[in-house]
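Me: Hi! Could you walk me through this model? I'd like to start with what the words mean.

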Amino acid sequence: ILPAEIKAINCKESGDFTNTSIKGISSSKLGIKTYIENKMGAKGIGQIRDIALVPAKEWLSQKGIDISKEVSPTPSDFRDSPKLSIYLTAAYFGYLIEKELIRQLPKPIPQGIELKKFMLAAYNWGPTNLLKMLRRNVSKGQKYSWDDVASKSPNETQKYIDGIVERLTNG
């Protein structure tokens, strides 16, 4: 398995989203400390929660990618390996893009950096929470951006997105 394989699969749906977002997430204030676990149980470079592991692994499996072959010996938690943590982060984004958001975001779907912000919100806050909020706050056929609805999301999610966008914008 090569990181390029996951990137290519994700880029088919989302342009450069995976490349830039993984860079932004993995260059967070946590640095490369894979052992850090937050209060919600998120762990590893991508700060992946247990609830995201199953869809990430299933998404990879559906694409014919078996990450268990990448580990020798197999760690008790895939997120302990920096390489696998990045794979799982990319795979979870792939799952969010393909299975959750692209099909369910209100039309017209935002493009470019605005779409990235919604993907990051789904990653941080959860796709169900994001989609519920959008259904309550975006009228059918209405153009919308993250700035239009950000105040309806948790402060933590707003700060998370602002921080990643800042890192991506300023190098």
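Reply: Buried means under 20% relative accessible area, exposed over 50%, and partly exposed in between, with a 1.4 Å probe and protein chains only. This is a predicted model, where local features need pLDDT of at least 70 and side-chain atom pairs count only at pLDDT 80 or more, while totals for chains, interfaces and linings use all residues. Residues are numbered from 1 along each chain as its sequence is written, and side-chain values use heavy atoms, leaving out hydrogens and water.

Me: Great. So is E114 buried or exposed?

Reply: E114 counts as buried because its relative accessibility is 17%. E114 is in helix α5; helices here are DSSP runs of H or I, at least four residues, numbered from the N terminus.

Me: What is E114 in contact with?

Reply: Leaving aside neighbours within four places in sequence, E114 is in contact with S145, W146 and D147, where contact means heavy atoms within 4.5 Å. A polar atom of the E114 side chain lies 2.6 Å from the backbone nitrogen of W146.

Me: New topic: which residues have the most contacts inside the largest nonpolar core?

Reply: They are L105, L130, L134 and W146, in a core of 40 residues. Such a core is a set of buried Ala, Val, Leu, Ile, Met, Phe, Trp, Tyr and Cys residues joined through side-chain atoms within 4.5 Å. Helix α4 gives the most to this core, with 10 residues.

Me: And which residues of α6 are buried?

Reply: In α6 (residues 127-137), P127, L130, L131, M133 and L134 are buried. The face turned away from that buried side carries the exposed R135 and R136.

Terms used:
Helices (H or I, at least four residues) and strands (E, at least two) are DSSP runs, numbered from the N terminus. A polar contact is a pair of N or O atoms within 3.5 Å; within protein, one must be able to donate a hydrogen and the other to accept it, and residues adjacent in sequence count only if both atoms are side-chain atoms.
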